[in-house]
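Please keep the sequence and the structure in view while reading.

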Amino acid sequence: MKMNSNMLTRAIFGAVYVAVIVCGILCGPFVFLLLLLLLSTLAVNEFLTMTKPEPISPTEATTELLLRSLDCVGAALMVVTAWTGMLFMPGIVTFLLYLVLRLIIQLYIKESNALTALSLSLMSQLYIALPIALMTVVYRLSPHLLLLLFILVWVNDTFAYLTGMALGKHKLWERISPKKTWEGFWGGTLFTVVIAGVCGWLFSGYFSSLGVVSLALTGLTVSIAGTFGDLIESLIKRTCGVKDSGHLIPGHGGILDRIDSILLVIPVAVILFFILFSYGV
């Protein structure tokens, strides 16, 4: 009974998460911006909560809260700057101001390892805020193309899990993620490539600038990059000694547990689309 209850909870909140992503992408630019701001601030806060040690005094707790708020603002500024097409100078200047302030403020904080504190803050911008901001690049090409990337990530995760459960014997990366297998990877890849090609065929009106072959190649790219993205977050969690990145989504963990694959898929997809559109592949 408890297992059924857990599965029901996971299914319900998984459906809510999918609905939020779909609506955020398809309901217009302003709603899309709100989605990116929500993802970036929640994920940056979660990342810093997971990676930084607990404050041991009220003063440290206050300082940590202020720095975390500053990092969340920095992530939001990067998103807004990308959303406006990198032409909104106040956004660019304000984000540069965040970088300058974050570096200078560290001089006034007495910590045993200032380099670690700075590295984690700046990594939150590079690892989380930048890929989320880059979603605007794909969105400008086509909102449906961005949605397809999310769908392919979900397809890859689902079929990699199912194939791994049924056939998995050979560990993919046991040191980091003991449950992942090569059989699961190839199963997820096969289904992702096939579904990407089928989407290009069935919904050619949405993807007229990309043919079936290009979309099949996109599926292959998503599978490989998504697997690495999942492994990177697993490495971070293993290093921090936590099972989930947070508890925001019941049955699923934190927001980083849901977007870990897409954080690497988006930069790789931007590179791929640049090649495909520039050279007519």
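Thr 136 lies in helix α5, which covers residues 114-141. Helices here are DSSP runs of H or I with at least four residues, strands are runs of E with at least two, and both are numbered from the N terminus. Thr 136 counts as buried because its relative accessibility is 2%. The term buried means under 20% relative accessible area, exposed means over 50%, and partly exposed lies in between, with a 1.4 Å probe and protein chains only. Leaving aside residues up to four places away in sequence, Thr 136 touches Phe 32, Leu 36, Ala 82 and Trp 83. Contact means heavy atoms within 4.5 Å.

## Basis of the description

The model is predicted: local features need pLDDT of at least 70, side-chain atom pairs count only at pLDDT 80 or more, and totals for chains, interfaces and linings use all residues. Residues are numbered from 1 along each chain as its sequence is written, and side-chain values use heavy atoms, with hydrogens and water left out.

Helix α3 comprises residues 58-83. At 1.5 Å a residue, its 26 residues should span 38 Å, and the end C-alpha atoms are 37 Å apart, which agrees. The expected span is 1.5 Å times one less than the number of residues in the helix. After α3 comes Gly 85, whose phi is positive, near 85 degrees.

Arg 68 belongs to α3. With 17% relative accessibility, Arg 68 counts as buried. Its contacts, not counting residues up to four places away in sequence, are Asn 45, Leu 48 and Thr 49. In the loop between α2 and α3 lies Pro 53, which counts as exposed at 69% relative accessibility. Pro 53 and Cys 240 are 187 residues apart in sequence, while their C-alpha atoms are 9.4 Å apart in space.

## Packing of α2 with α8

Two packed helices are described by the angle between their axes and the distance between the axes. Helix α2 (residues 29-51) packs with α8 at an angle of about 35 degrees, and the axes are 9 Å apart. Axes are lines fitted to C-alpha atoms, for helices over the stretch in contact, and angles run from 0 to 180 degrees between N-to-C directions.

In this pair, Phe 47, Met 50 and Thr 51 of α2 meet Ile 236, Lys 237 and Cys 240 of α8. The contact residues divide into four nonpolar, one polar and one charged. Ala, Val, Leu, Ile, Met, Phe, Trp, Tyr, Cys and Pro count as nonpolar, Asp, Glu, Lys and Arg as charged, and the others, Gly among them, as polar.

## Packing of α6 with α9

The axes of α6 and helix α9 (residues 255-279) come within 11 Å and cross at roughly 130 degrees. The two helices are therefore oblique to each other. Angles under 35 degrees count as roughly parallel, over 145 as roughly antiparallel, 65 to 115 as roughly perpendicular, and the rest as oblique. The crossing of α6 and α9 is right-handed; a crossing has this hand if the near helix is turned clockwise from the far one by less than a right angle, and is left-handed if anticlockwise. On the α6 side, the contact includes Leu 145, Leu 149 and Val 153, and on the α9 side it includes Ile 262, Ile 266 and Phe 273. By class, this contact has 10 nonpolar, one polar and one charged residues.

Leu 149 is placed in α6 and counts as buried at 0% relative accessibility. Among the residues that Leu 149 touches are Val 138, Thr 218, Val 222 and Ala 269.

## Helix α7 and its cover

Helix α7 has 21 residues, numbered 182-202, which should span 30 Å at 1.5 Å a residue; the end C-alpha atoms are 30 Å apart, in agreement. Its buried residues include Phe 185, Thr 192, Ala 196 and Cys 199. Elements that cover the buried residues of α7 include α6 (143-167), β1 (171-173), β2 (177-181) and α8 (212-240).

The axes of α6 and α7 come within 7 Å and cross at roughly 145 degrees, and the crossing is right-handed. Residues meeting there include Leu 152, Asn 156 and Phe 159 in α6 and Gly 188, Phe 191 and Ile 195 in α7. The residues of this contact divide into 10 nonpolar, eight polar and one charged.
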